[in-house]
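Walk through this model sheet by sheet, then pocket by pocket. Keep the coordinates open alongside the text.

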Amino acid sequence: MQQATLTQMGQVVILTGEWLSNLFLRKPELREWIKQFNHIGVQSLSITNITALFTGMVLALQAAYALSAFNADVFIGDLVSLSIVRELGPVLTALLVGGRVGAGITAELGTMKATQQLDAMRAMATNPVYKLVVPRLVACVICLPILTILANFIGIIGGLFIASFELQIDGHFFMGRVLDALSVNDVFSGLGKTFFFGYFIGIIACNNGMRVESGAEGVGIATTSTVVSASIVILISDFFLTKLFYMLT
Amino acid sequence: MTHIFKLQQVVKSFGPNHVLRGIDLDIRRGENLVVLGGSGTGKSVMLKLLIGLIQADSGQIIFEGQDITHLAERAYYPIRKRVSYLFQGGALFDSMNVYQNLAYPLKEHTDMSSPAILAKVQDALTKVGLKDIEHLSPSDLSGGMMKRVALARAIINEPELILYDEPTTGLDPITTHTINELIRKMQSDLNISSVIVTHDMPTVHRCADRLAFLDKGVIAFIGSLEEARLSTHPKLRAYFEGEAID
């Protein structure tokens with residue numbers, strides 16, 4: 001493994017320690033938290049929901065194509081709901097938030113680093129981790145599961161829309177299959193992963209932003225690195241988290 | 001005159017780049033010390049070492065008799081509350097307006113009420129010759145105004161010492177003169193000592209009680225302005241003669 005990767009992992013571990021100590025030992029700055037919930041959660045709604053809607057619709061069409069060969073169209077609701085709730089909803093939402101929010105956090109903190117605003121915070125005897133990292137990371141960890149719940153719901157609605165209007169499947173029947181197919185474990189397994197995804201996005205984005213070395217070029221490199229690293233970490237961790245939750249449930 | 005800071009054989013490198021190779025310097029209460037040197041000679045690095053923004057590889061940094069060379073981040077906080085730092089570009093928080101920038105250290109370190117903070121912000125702005133700009137964001141300010149707002153933020157906590165990192169770089173001569181006058185005013189009116197890092201000769205002439213010349217990672221000269229003018233150090237002479245030719 002490259003030395004740079006190991007260094008970055010070490011930095012992430014240290015930053016996580018600082019984040020946890022500032023999160024639990026100091027009074028939360030609620031105003032800043034709310035601002036980040038809006039920025040990271042509310043403003044991501046459109047992109048995650050549009051993606052979920054069309055993913056659900058495409059999934060229903062593809063399922064109809066594949067299942068009709070076996071005269072098994074009735075299971076479209078099962079396939080759409082399980083795919084979305086267990087896998088596509090969490091992963092696609094995380095990838096989109098990783099791209100939109102992760103890049104934004106790194107660019108913002110990186111610019112602050114490059115223009116010495118982080119040093120200014122330290123020079124005024126304040127802690128940038130407490131002021132900047134804690135609210136952003138908390139917002140990532142809390143907002144991603146909420147965005148995923150909404151994305152799951154809208155994805156299934158997308159599937160319902162196609163099933164009803166395109167495939168002439170009764171809506172009540174479709175929703176009945178969805179509810180029959182989904183168990184609490186499916187929902188738990190899908191949503192459980194999103195807390196980890198939120199943490200990965202936030203910690204990678206904050207760490208890369210706070211360690212920008214040079215000016216505009218450094219910010220650009222760090223931002224790209226965040227999107228790539230967060231995407232890869234989400235996809236790799238998804239496999240292990242799926243196995244973990246499979247064992248737990 | 002008592003020492004605030006004392007640097008003894010301070011060494012700092014960044015990878016293969018040996019920036020400071022053994023700095024010896026004392027910073028005295030009540031005086032303006034100007035540190036002159038070319039770009040990349042480690043002037044800003046030296047300032048950052050003083051308040052622990054970066055840490056020295058070896059040597060000692062003494063603050064009021066206490067060795068502060070290698071402290072934990074939080075242990076520097078009491079020093080940073082007494083020593084302000086004026087960054088080269090101002091380093092105003094661009095997500096905040098002028099009022100919020102100036103109020104930031106007060107909200108962090110005092111229990112002052114909002115009206116009291118507003119009064120103090122307005123007072124600090126008045127001291128640097130600005131008025132009615134509390135609502136503006138940093139992007140609305142000119143370079144000179146930005147430096148003055150940053151100076152207002154630096155003095156709002158009533159520090160004992162201000163570290164100026166190239167306070168006049170990139171400014172026109174009139175604004176440079178204004179900033180230089182303000183630095184002197186801070187010393188005479190508020191009894192604030194200063195360390196001013198610069199390569200700007202008007203700032204040297206107007207602000208220096210004592211001059212240190214940093215070259216090749218060491219203090220190549222330290223003394224009064226008169227002594228500096230008589231120095232035989234070729235680079236230091238070039239600074240003074242270059243100005244005379246102009």
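**Pockets and sheets**

Helices α2, α4 and α6 of chain A and helix α3 (98–109) of chain B each give at least two residues to the lining of the second largest pocket. The model is predicted. This pocket has a volume of about 800 Å³. Its lining holds 21 residues, and those nearest the centre are Glu29(A), Arg31(A), Glu32(A), Lys131(A) and Met96(B). By class, the lining has 9 nonpolar, 2 polar and 10 charged residues.

Take Glu32(A) from that central group. Glu32(A) sits in helix α2 of chain A, which spans residues 30–41. Is this residue buried or exposed? Glu32(A) has a relative accessible area of 17%. Buried means under 20%, so Glu32(A) counts as buried. Leaving out residues up to four places away in sequence, Glu32(A) touches Lys131(A), Pro135(A) and Arg136(A). Lys131(A) is also among the residues nearest the centre of the second largest pocket.

Now turn to the largest pocket. Its volume is about 1500 Å³. The lining counts 47 residues, and the closest to the centre are Lys113(A), Asp119(A), Arg122(A), Met210(A) and Leu53(B). Which elements supply at least two residues each? From chain A they are α1 (3–25), α4 (76–114), α5 (117–123), α6 (128–165), α8 (184–210) and α9 (216–248). Helix α1(A) gives the largest share, 7 residues. The lining divides into 16 nonpolar, 19 polar and 12 charged residues.

Next come the sheets of chain B. Strands of a sheet pair through backbone hydrogen bonds, either parallel or antiparallel. One open sheet has 4 strands in the order β2-β1-β4-β5, with antiparallel pairing. Strands β2 (17–28) and β5 (66–67) of chain B stand at the edges. Each has a single partner strand, so one side of each lacks a neighbour in the sheet. Inside this order, β1 (residues 3–14) and β4 (residues 58–63) of chain B run antiparallel and are joined by 5 bridges. One pairing to look for is Lys6(B), whose bridge partner in β4(B) is Ile62(B).

Another open sheet of chain B has 6 strands, with mixed pairing. Their order is β6-β7-β8-β3-β9-β10. The edge strands, β6 (83–86) and β10 (218–223) of chain B, each pair on one side only. Neighbouring strands in this sheet are turned by 15° against each other on average, direction ignored. Helix α5 (residues 143–155) of chain B lies across β6 and β7 (161–165) of chain B. The helix runs at about 170° to β6(B).

Follow β9 in that sheet. Strand β9 (residues 210–215) of chain B runs parallel to β3 (residues 32–36) of chain B, with 4 bridges between them. Val34(B) has Leu211(B) as its bridge partner in β9(B). Leu33(B) stands opposite Arg210(B). On the pairing with β10(B), the strands run antiparallel and 5 bridges join them. There, Leu211(B) has Gly223(B) as its bridge partner. The hairpin of β9(B) and β10(B) has 2 residues between the strands, and Lys216(B) takes a positive phi near 50°.

Why is β9(B) largely enclosed by the rest of the structure? The reason is that 6 of the 6 residues of β9(B) are buried. Arg210(B), Ala212(B) and Leu214(B) point one way from the strand. Leu211(B), Phe213(B) and Asp215(B) point the other way.

Definitions and conventions. Residues are numbered from 1 along each chain as its sequence is written. Chains are lettered from A and ligands numbered from 1 in the order in which they are written. This is a predicted model: local features need pLDDT of at least 70, side-chain atom pairs count only at pLDDT 80 or more; totals for chains, interfaces and linings use all residues. Side-chain values use heavy atoms; hydrogens and water are left out. Two strands pair if DSSP finds at least two bridges between them. Buried means under 20% relative accessible area, exposed over 50%, partly exposed in between (1.4 Å probe, protein chains only). Contact means heavy atoms within 4.5 Å. On a 1 Å grid over the protein atoms alone, a cavity is a set of points where a 1.4 Å probe fits but cannot get out, and a pocket is an open set with protein on both sides within 12 Å along at least five of seven lines; lining residues have an atom within 4 Å of a point. Grid points are joined across faces, edges and corners, and a volume is the space filled by probe spheres set on the points. Ala, Val, Leu, Ile, Met, Phe, Trp, Tyr, Cys and Pro count as nonpolar, Asp, Glu, Lys and Arg as charged, and the others, Gly among them, as polar. Axes are lines fitted to C-alpha atoms, for helices over the stretch in contact, and angles run from 0 to 180 degrees between N-to-C directions.
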